[in-house]
Amino acid sequence: MTKTYQFPKNFWWGSAASATQTEGGENGVKGKNIWDQWYEEEPNRFFDGVGPEETSDFYHRFKEDIANMKKIHHNSFRMSISWARLIPGGKGEVNQDAVTFYSQVIDELISQGIEPFVNLYHFDMPLEMQEIGGWENREVIDAYTIYAAKAFELFGDRVKTWFTFNEPIVPVEGGYLYDFHYPNIVDAKKAVQVGYHTMIAHAKAVEIYHKNYDGKIGIVLNLTPSYPRSQNPADLKASHICDLFFNRSFLDPAVKGEYPQDLIDLLAEYDHLPETNSADKELLKNNLVDLLGVNYYQPRRVKARDSQPNPDSPFMPDWFFDAYEMPGRKMNVYRGWEIYEKGIYDIMINLRDNYGNIESFISENGMGVQNEERFLVDGRIEDDYRIEFISEHLKWLHQSIQEGCNVKGYHLWTFMDNWSWMNAYKNRYGFYSVNLETQERTAKKSAEWFSQVSKDNGFD
Ligand code: BGP
């Protein structure tokens with residue numbers, strides 16, 4: 001029977017996770033990354049003082065977890081490789097324990113009929129690479145390129161869908177503008193350089209992949225529509241600049257091979273252009289992505305500033321817009337994020353009309369909720385709010401497909417409750433709950449619902 005919301009054949013149903021958030025930083029042989037280091041320096045900055053040492057112990061429990069994925073009819077799953085695990089220190093010797101671990105995970109997924117999507121970098125700079133300046137330093141681009149080539153060589157026979165970075169704008173915002181990632185620097189000039197070098201590292205990895213392999217390689221971006229308060233030109237300008245900084249700074253070079261001229265002009269006007277090499281332009285032009293992962297959680301609403309920025313204060317993107325709190329907006333109060341389901345449709349229409357209708361999929365969407373034990377009934381979390389959240393987003397995604405958008409799948413963030421950076425285990429996102437004392441996994445009601453949707457390739 002055809003469903004009201006029937007999705008195209010072979011639609012990817014699954015979920016996403018990342019190495020640092022699931023494996024356990026102290027499990028197995030591994031180099032340190034910036035999260036291990038930041039937690040050591042400032043444990044007080046993590047919710048309830050919980051760090052990345054054990055997280056959800058995927059390192060030891062991946063077989064059980066993959067069996068659970070199969071139970072709910074996943075046909076694909078995005079994981080990440082920890083650079084600091086595969087090559088401790090960021091360069092030099094490959095860690096054979098890590099090769100064994102990732103090989104086993106990949107093989108297990110494949111043997112259960114779940115296609116592995118593998119991402120190379122999810123916020124997790126090896127500490128030694130950060131100590132030489134992280135993405136500020138071109139040497140780190142070279143090290144990342146060698147790491148990427150190694151990963152393709154080791155796993156490229158089995159993995160056919162790769163991603164270079166997850167949400168590369170987030171380490172720029174967190175680490176260099178707004179103090180929510182290590183190294184907690186606030187310096188827009190460095191932020192621009194870091195973003196630019198990340199993009200160059202991305203293009204180099206794409207180049208290597210395309211030269212030597214025949215699968216697909218893409219990037220995962222958190223595209224956040226910037227809705228203006230009104231159609232007043234001042235509000236429109238605020239939203240345009242916001243879009244340039246936070247979406248188009250990666251979307252344009254990744255898909256079109258060049259930066260938006262307006263962004264270049266703006267940065268030039270304020271003397272904030274990055275240092276570049278002469279070969280960069282060609283590199284970007286020649287190495288476009290095959291596939292785009294879209295993470296969507298919340299829209300951004302902006303308005304023109306009420307006041308001029310203080311000209312003596314350091315340059316910040318916020319010089320050009322203020323956040324706008326739309327009256328009556330629907331909120332996920334636990335995360336402080338607005339829920340606006342139509343945003344997913346607007347993103348896809350934009351990709352269709354302005355980005356050549358590039359092949360894409362929803363690589364993350366989800367709802368983090370605090371104290372989910374409140375919803376326990378007979379041992380199961382009755383997360384009807386999550387079912388509603390997913391289905392309302394899926395309806396808009398379906399609509400975009402009806403209108404010709406090239407959308408290939410939907411992955412929830414995340415498969416099982418995991419460690420969420422500074423928020424640690426505050427908000428739970430999983431289809432499966434994780435008991436932090438016993439590490440026991442239990443399917444939530446949403447898991448059962450999603451299982452049926454995946455099986456039917458749609459829902460009513
Ligand atoms: C995305 C990240 C994920 C994940 C998710 C939820 O930005 O790619 O790693 O954490 O957001 O956000 P949070 O964990 O901050 O609640």
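**Entry 1: K71**

I looked up K71 and found that this residue is exposed, with a relative accessible area of 58% (exposed means over 50%, buried under 20%, partly exposed in between, with a 1.4 Å probe and protein chains only). The model is predicted: local features need pLDDT of at least 70, side-chain atom pairs count only at pLDDT 80 or more, and totals for chains, interfaces and linings use all residues. Residues are numbered from 1 along each chain as its sequence is written, and side-chain values use heavy atoms, with hydrogens and water left out.

I placed K71 in helix 3 (residues 58–71); helices (H or I, at least four residues) and strands (E, at least two) are DSSP runs numbered from the N terminus. Not counting residues up to four places away in sequence, K71 touches Y432 and S451, where contact means heavy atoms within 4.5 Å. I also noted that K71 and R300 are 229 residues apart in sequence and 36 Å apart in space, C-alpha to C-alpha.

**Entry 2: S446**

I then turned to S446, which lies in helix 15 (residues 445–456). S446 counts as buried because its relative accessibility is 0%. Its side chain makes a polar contact of 2.5 Å with the side chain of D383. I recorded the definition: a polar contact is a pair of N or O atoms within 3.5 Å; within protein, one must be able to donate a hydrogen and the other to accept it, and residues adjacent in sequence count only if both atoms are side-chain atoms. Leaving aside neighbours within four places in sequence, S446 is in contact with D383, R386, I387, G430 and F431.

**Entry 3: helices 10 and 11**

I examined helix 10 (residues 233–256) and helix 11 (residues 261–269), whose axes come within 10 Å and cross at roughly 105°. Axes are lines fitted to C-alpha atoms, for helices over the stretch in contact, and angles run from 0 to 180 degrees between N-to-C directions. The two helices are therefore roughly perpendicular to each other (65 to 115 degrees). In helix 10, H240, I241, L244, F245 and S249 meet D262, L263, L266 and L267 of helix 11.

I found an open sheet of three strands in the order 7-9-10, with mixed pairing; two strands pair if DSSP finds at least two bridges between them. Strand 7 (226–228) and strand 10 (322–323) are at the edges with a single partner strand each, so one side of each has no neighbour in the sheet. Strand 9 (residues 300–303) and strand 10 run antiparallel and are joined by two bridges. I noted K303 opposite D322 in strand 10.

Technical notes
Parallel < 35°, antiparallel > 145°, perpendicular 65-115°, else oblique.
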